[in-house]
Each structure stands twice: as structure tokens, then as C-alpha cells.
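Let us read a model together, feature by feature. Have the coordinates open as you go.

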Amino acid sequence: MVYVADSWSSTIRQITPAGVVTTIAGLAYNPGSADGSGSSARFNVPQGIAVSPDGLIYIADTGNHTIRQMALSGLCHDARRRAGCGGQRRRHRQRPRFNTPTGITVDPGGFLYVADAGNETIRGLNLYGVSFTVGGKAGVKGSANGIGDAARFDGPQGVAVDAAAT
């Protein structure tokens with residue numbers, strides 16, 4: 001299957017190997033923020049989408065500044081309670097705060113990596129909701145190589161992991 005974050009219609013779509021396109025979550029042109037199944041779920045300009053090894057679908061719900069999780073049954077909610085909304089910084093042990101997440105990927109171990117465009121960072125989330133910054137510094141844009149928060153990004157949009165997930 002192919003899954004699509006259909007940004008401007010604020011829906012999640014599925015394309016079968018036969019080319020059949022179906023809306024599996026959200027209601028076209030009815031943006032919002034609501035957990036639920038099928039057309040009762042609401043998104044606001046979702047941009048990134050990834051499928052984990054265990055078959056869960058993760059969505060960068062860009063306009064809602066959050067990461068959503070959807071089971072193949074169609075039930076959608078905040079990603080394992082891993083993702084918060086709005087803002088740049090977070091205090092110790094708080095849920096991560098995204099600002100315009102755009103791209104998302106999942107490694108074979110189930111870790112999520114997010115292009116957090118509004119925060120100018122690449123963020124990671126483990127299975128227990130602990131977030132970490134892979135690169136960049138929240139609120140500081142630029143273009144510089146470096147380790148961790150010494151690196152700089154300017155509105156990162158996409159992210160991917162290699163086959164070794166290194």
C-alpha cells in the first residue's frame with residue numbers, strides 16, 4: 001500500500017497496488033484537530049507520513065503542531081502520547097513541543113525522527129515519549145555542519161533513515 005498525507009484536503013489517503021485511491025482518515029476540506037476513526041478524525045495540513053515496522057502510520061500534522069498515530073483500523077490519536085503541540089522549548093520530562101513538523105520517518109526499532117521546521121531542528125522520539133534533538137538548536141536558524149545543537153537548519157522539510165538506521 002501507499003499512504004499519502006493529502007495536505008490541502010487535510011486527509012490521509014491510501015493507494016492500493018491496483019491504483020484504487022481511498023480516504024482512510026479525515027474529511028476533505030474540513031481541517032481541525034480531533035482523534036477518531038475514518039471521517040471523524042481531523043487534521044490540519046498534514047505533510048509527512050511514515051509506516052512503522054509494526055504497521056502503525058505516523059502523520060506529521062503540520063498545522064496542529066503535533067505527531068499523530070493511526071492504526072490500520074483507522075483509529076487516529078496523538079502518537080503514543082509522544083507528541084505535544086506548539087512551542088519551541090520543553091522542560092525536563094515534559095512532552096515534546098513541535099512547531100510546524102513537516103517530515104517524519106520511523107527506524108526499524110520504532111524510533112520516530114521528525115523534521116521540526118518551525119523549531120529549525122531534527123527531533124527524535126523513542127517508544128516511551130522521551131524526545132531528543134538529533135541536530136539543530138530550537139529557534140536558531142542557519143546552515144552549519146556540526147554535532148547536535150552546533151548544527152543549524154533553516155526550515156527542514158524531510159527526514160529519512162538509512163537501511164542500518166544509523
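Burial, strands and sheets

A: Buried residues make up 43% of the 166 residues in the protein. Buried means under 20% relative accessible area, exposed means over 50%, and partly exposed lies in between, with a 1.4 Å probe and protein chains only.

Q: What should I know about the model before reading on?
A: This is a predicted model, in which local features need pLDDT of at least 70, side-chain atom pairs count only at pLDDT 80 or more, and totals for chains, interfaces and linings use all residues. Residues are numbered from 1 along each chain as its sequence is written, and side-chain values use heavy atoms, leaving out hydrogens and water.

Q: What is the mean pLDDT of the protein?
A: pLDDT is the predictor's confidence in each residue, from 0 to 100. Here the mean is 88, and 89% of the residues reach 70 or more.

Q: Where does pLDDT stay under 50?
A: Over residues 80–94. The model has 51 contacts beyond four places in sequence for that stretch. Contact means heavy atoms within 4.5 Å.

Q: How many helices and strands are there?
A: Helices (H or I, at least four residues) and strands (E, at least two) are DSSP runs, numbered from the N terminus. This protein has zero helices and 12 strands.

Q: Which strands form the open sheet of five?
A: Start with the general idea. Strands of a sheet pair through backbone hydrogen bonds, either parallel or antiparallel. Two strands count as paired if DSSP finds at least two bridges between them. In this case the order is β4-β8-β7-β6-β5, with antiparallel pairing. β4 (36–37) and β5 (46–51) each have a single partner strand, so one side of each is left without a neighbour in the sheet.

Q: How many bridges join β5 to β6?
A: Five, and the two strands run antiparallel. Strand β6 covers residues 57–61.

Q: What is the order of the open sheet of four strands?
A: β9-β10-β11-β12, again with antiparallel pairing. The edge strands β9 (101–106) and β12 each pair on one side only. Neighbouring strands of this sheet are turned by 25° against each other on average, direction ignored. For such angles, axes are lines fitted to C-alpha atoms (for helices over the stretch in contact), and angles run from 0 to 180 degrees between N-to-C directions.

Q: How many bridges pair β11 with β12?
A: Four, in the antiparallel sense, with β11 spanning residues 121–125. The bridge partner of G124 in β12 is F132.

Q: Which residues does T133 touch?
A: Leave out residues up to four places away in sequence, and T133 touches T121, I122 and R123. T133 itself is found in β12 (residues 131–135). At 41% relative accessibility, T133 counts as partly exposed. T133 and G148 are 15 residues apart in sequence and 7.0 Å apart in space, C-alpha to C-alpha.

Q: Where does S33 lie, for a case in a loop?
A: Between β3 (21–25) and β4. S33 counts as exposed, because its relative accessibility is 55%. S33 touches R42 and N64, not counting residues up to four places away in sequence. From S33 to N64 is 31 residues in sequence and 6.7 Å in space, C-alpha to C-alpha.
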